[in-house]
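Good morning, colleagues. Please turn to the chain on the screen, which I shall take from its overall layout down to single residues.

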Amino acid sequence: RPRKCRMVVCGNFQHKDPNESLYTSQVDIASVLMALRLGTLFDWEVVALDIQAAFLYAALPPEMVVTVRAPKIMTTMGVCNPGEIWRLQRALYGLRVSPELWGLERDAKLRKITWELDGLTYRLVQSRVDGNVWYIRMVAPRNKSSASASAFGLPQACPSGYNLYGVIVVYVDDLLLLCRKGGLRAALVKCINDIWTTGGEQVLTVTQPLVFLWS
């Protein structure tokens, strides 16, 4: 049976530029409360997804050359030769630039997500107020009849032209998804799992709480 191990890099010796941006932004707690309020009004289900080993999905820019010395234990175990040097290709945990690179990678992928359900196309639109909030919107104009509103879980009293079918709140590599249970949620979760490996869905219920935005 193959054995696995996880390695991180010590980024203390990496060249520091005082003007460079090194972090990925964090969602404002007010945005989380807003999303939960919408979920309550529209009777949306609340689901948490955790992207596993998220930083490793982000590639280092071609102009960024980062070399690290192989861990001594790898030499002792015969995995690599003494004095072996590795050039990193991905944003390994421990690099100072990894959070920012992951944030850029994550947003670029979310921005491209589209999916179809019952002949209609949906996409994610990033909020201009808080970039860690994404709205689920229909690409084509929505049928404004009350029957259509009911079918998608929106109140019949929604104003004309309303185009919001769910919200995703992002916290680094954790996603909080709020939308109607059923095909729409399942299709979106599949799109996410096609891009990244997640730790499975955690559904918020009366008897099953979940933790989000924990530090």
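This is a predicted model: local features need pLDDT of at least 70, side-chain atom pairs count only at pLDDT 80 or more; totals for chains, interfaces and linings use all residues.

**Overall layout**

Along the sequence, the elements of the protein chain follow the order α-β-β-α-β-α-β-β-β-α-β-β-α-β. That gives five helices and nine strands, where helices (H or I, at least four residues) and strands (E, at least two) are DSSP runs numbered from the N terminus. Residues are numbered from 1 along each chain as its sequence is written, and side-chain values use heavy atoms, leaving out hydrogens and water.

Of the 215 residues in the protein chain, 40% are buried. Here buried means under 20% relative accessible area, exposed over 50%, and partly exposed in between, with a 1.4 Å probe and protein chains only. The chain exposes about 13,200 Å², and carbon and sulfur atoms supply 54% of that area; the areas come from the Shrake-Rupley method with a 1.4 Å probe, and for residues only the protein chains shown count as cover. Among contacts with a separation of 6 or more, 67% are between residues 24 or more positions apart, a contact being heavy atoms within 4.5 Å.

Let us begin with helix 1, residues 29-42. Is Val-32, in this helix, buried or exposed? Val-32 is buried, at a relative accessible area of 7%. Leaving aside residues up to four places away in sequence, Val-32 touches Val-27, Val-169, Leu-176, Phe-212 and Leu-213. Its C-alpha also lies 9.9 Å from that of Tyr-171, although 139 residues separate Val-32 and Tyr-171 in sequence.

Leu-36, also in helix 1, is partly exposed at 32%. Together with Ile-29 and Leu-33, Leu-36 makes a nonpolar surface patch of about 260 Å². Patches are made of residues with over 30% relative accessible area and no salt bridge, with like charges joined within 9 Å and nonpolar side chains (Val, Leu, Ile, Met, Phe, Trp, Tyr) within 5 Å.

Helix 3 covers residues 98-112; its 15 residues should span 21 Å at 1.5 Å a residue, and its end C-alpha atoms, 22 Å apart, agree with that. The expected span is 1.5 Å times one less than the number of residues. Ser-98, Leu-101, Trp-102, Gly-103, Arg-106, Asp-107 and Leu-110 are buried in helix 3. Their cover includes strand 5 (120-126), strand 6 (133-138) and strand 7 (166-171).

Helix 5, residues 183-195, has 13 residues and reaches 19 Å from first C-alpha to last, close to the expected 18 Å. Its buried residues are Leu-184, Arg-185, Ala-187, Leu-188, Val-189, Cys-191 and Ile-192.

**Salt bridges**

How many salt bridges does a search of the whole structure find? The search finds five, each defined as a side-chain nitrogen of Lys or Arg within 4 Å of a carboxyl oxygen of Asp or Glu. In one of them, Glu-45 pairs with Arg-185, with the closest N and O atoms 2.2 Å apart. Glu-45 lies in strand 1 (residues 45-50) and Arg-185 in helix 5, so this pair ties together parts that are 140 residues apart in sequence. Both Glu-45 and Arg-185 are buried.

Within helix 3, Glu-105 and Lys-109 lie four residues apart, about one turn of the helix, and their side chains meet in a salt bridge at 2.6 Å, N to O. Lys-109 is partly exposed, at 30%. Asp-107 forms a salt bridge with Arg-106, at 3.0 Å between the closest N and O atoms. Asp-107 is buried at 14%, and Arg-106 is buried at 1%. Salt bridges with shared partners join Glu-45, Arg-185 and Glu-201 into one network.

**Cysteines and backbone**

The count of disulfides is zero, with a disulfide taken as a pair of cysteine sulfur atoms within 2.5 Å. Cys-179 is buried at 0%, and Cys-191 is buried at 16%.

Finally, two residues other than glycine have a positive phi. Asp-43, in the loop between helix 1 and strand 1, has phi near 60° and is exposed at 67%. Ala-53, in the loop between strand 1 and strand 2 (67-69), has phi near 50° and is partly exposed at 26%.
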